[in-house]
Amino acid sequence: MAATPSGNRKTRVHVVSDVHGNARDLAGAGDGADALICLGDLVLFLDYADHSRGIFPDLFGVENADRLVELRTARRFEEARELGARLWGGIDMDRATAIEKAVRKQYAEMFAAFPTPTYATYGNVDIPPLWPEYAGPGTTILDGERVEIGGRVFGFVGGGLRTAMRTPYEISDEEYAAKIEALGEVDVLCTHIPPEVPELVYDTVARRFERGSLALLDAIRRTRPRYSLFGHVHQPLVKRMRIGATECVNVGHFAGTGRPWALEW
């Protein structure tokens, strides 16, 4: 169902991404808005700013979390996987069961914090099959789909592209491009990952280029939405820029800022 304000007053939408366990601030993220949009990454596996927070340190301790971050930041991904394999081999519960148990606990908190209405899509660290179990009637899950909010058409594509990190919801470039294509022309293009533009995909703290989408960049140039909204890159070199007629905005690392980005018309 579309969210439509009464009378002739303006529509206001708040947008968040990369919530990563911040249920406290998420509970108030929709205050003063007609709708909340969430662009994914509800799960906190490991906080790169505070290595004591997340599923990984809860299971294996801060010292191992420090080492994992060190290896990943240095792009020594094979050594990082070897470290993980050794640690997972030392616990009684199998990896999939342990992760799902921890993720379910986080999802229960995150989805309970969503206001009504919320429109949400998946991030690359999310586990899509679990979402319907926790989404209440006020939360609409969209992926490769459109919705009208206040007279404007919003298109949603979730997930990320395949990387050496092997996060849970990474898909092929072809599958991602097909979902972008299925949206057609929209007023606001909402994705978890940014278009493939160096300034938008470079993380200044992690010191690496994240994966953006060329298909998304092509769609922006071709269909000219008013806005392209995304997250994924926590500390981008550039937070916003224009591509032709489109304002491209990284809506922020909500886990760190606790503040939604506002769109009003």
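Setting aside residues up to four places away in sequence, Tyr134 touches Arg104, Tyr107, Ala108 and Phe111, where contact means heavy atoms within 4.5 Å. This is a predicted model, in which local features need pLDDT of at least 70 and side-chain atom pairs count only at pLDDT 80 or more, while totals for chains, interfaces and linings use all residues. Residues are numbered from 1 along each chain as its sequence is written, and side-chain values use heavy atoms, with hydrogens and water left out.

Tyr134 belongs to helix 6 (residues 131-134); helices (H or I, at least four residues) and strands (E, at least two) are DSSP runs, numbered from the N terminus. Although Tyr134 and Phe111 are 23 residues apart in sequence, their C-alpha atoms are 6.1 Å apart in space.

The whole structure contains 14 aromatic pairs. Rings of Phe, Tyr and Trp (its six-membered ring) pair if their centres lie within 6.5 Å; planes under 30 degrees apart count as stacked, over 60 as edge-to-face and the rest as tilted. In the pair of Phe111 and Phe114, the ring centres are 5.3 Å apart and the planes stand at 90 degrees, so this pair is edge-to-face. Tyr122 and Trp131 also form an edge-to-face pair, because their planes are at 65 degrees, with centres 4.6 Å apart. Phe111 and Phe114 are both buried, and so are Tyr122 and Trp131. Buried means under 20% relative accessible area, exposed over 50%, and partly exposed in between (1.4 Å probe, protein chains only). Ring pairs join Tyr107, Phe111, Phe114, Tyr122, Trp131, Tyr134 and Tyr169 into a cluster.

## Nonpolar cores

In soluble globular proteins, nonpolar side chains tend to be buried together. A nonpolar core is here a set of buried Ala, Val, Leu, Ile, Met, Phe, Trp, Tyr and Cys residues joined through side-chain atoms within 4.5 Å. The largest such core has 54 residues, and those with the most contacts inside it are Val16, Val19, Leu26, Leu42 and Tyr107. Elements that each supply at least two residues of this core include helix 3 (62-73), helix 4 (77-88), helix 7 and helix 9. Helix 5 gives the most, with 7 residues. Beyond its neighbours within four places in sequence, Tyr107 is in contact with Leu42, Val43, Ala112, Asp126, Ile127, Leu130, Trp131 and Tyr134. Another core, of 19 residues, lies apart from the largest one, and its members include Val15, Leu39, Tyr119 and Phe154.

## Strand 6 and its partners

Strand 6 (residues 152-157) is largely enclosed by the rest of the structure, because 5 of its 6 residues are buried. Strand 5 (residues 145-149) pairs with strand 6 in the antiparallel sense over 5 bridges; two strands pair if DSSP finds at least two bridges between them. Within strand 9, Cys190 is the bridge partner of Phe156.

## Helix 9 and its ends

The buried residues of helix 9 (residues 214-223) are Leu216, Leu217, Ala219, Ile220 and Thr223. They lie on the same side of helix 9, because they cover an arc of only 160 degrees around the axis, judged from the directions from the helix axis to the C-beta atoms. These buried residues pack against helix 7 (173-183), strand 9, strand 12 (227-230), strand 13 (240-243) and strand 14 (246-250). The face turned away from the buried side carries the exposed residues Leu214 and Arg221.

Ser213 lies in the loop between strand 11 (208-209) and helix 9. A side-chain oxygen of Ser213 lies 3.2 Å from the backbone nitrogen of Ala215, capping the N-terminal end of helix 9.

## Backbone features and accessibility

Most residues other than glycine have a negative phi, and most peptide bonds are trans. Arg224, which is not a glycine, has a positive phi of about 55 degrees. His232, in the loop between strand 12 and strand 13, has a positive phi of about 75 degrees and is likewise not a glycine. The peptide bond from Thr116 to Pro117 is cis, with omega near -5 degrees, and Pro117 lies in the loop between helix 5 and strand 3 (118-120).

| Residue | Class | Relative accessible area |
|---|---|---|
| Ser213 | buried | 2% |
| His232 | buried | 14% |
| Tyr134 | partly exposed | 23% |
| Arg224 | exposed | 53% |

Key
A polar contact is a pair of N or O atoms within 3.5 Å; within protein, one must be able to donate a hydrogen and the other to accept it, and residues adjacent in sequence count only if both atoms are side-chain atoms.
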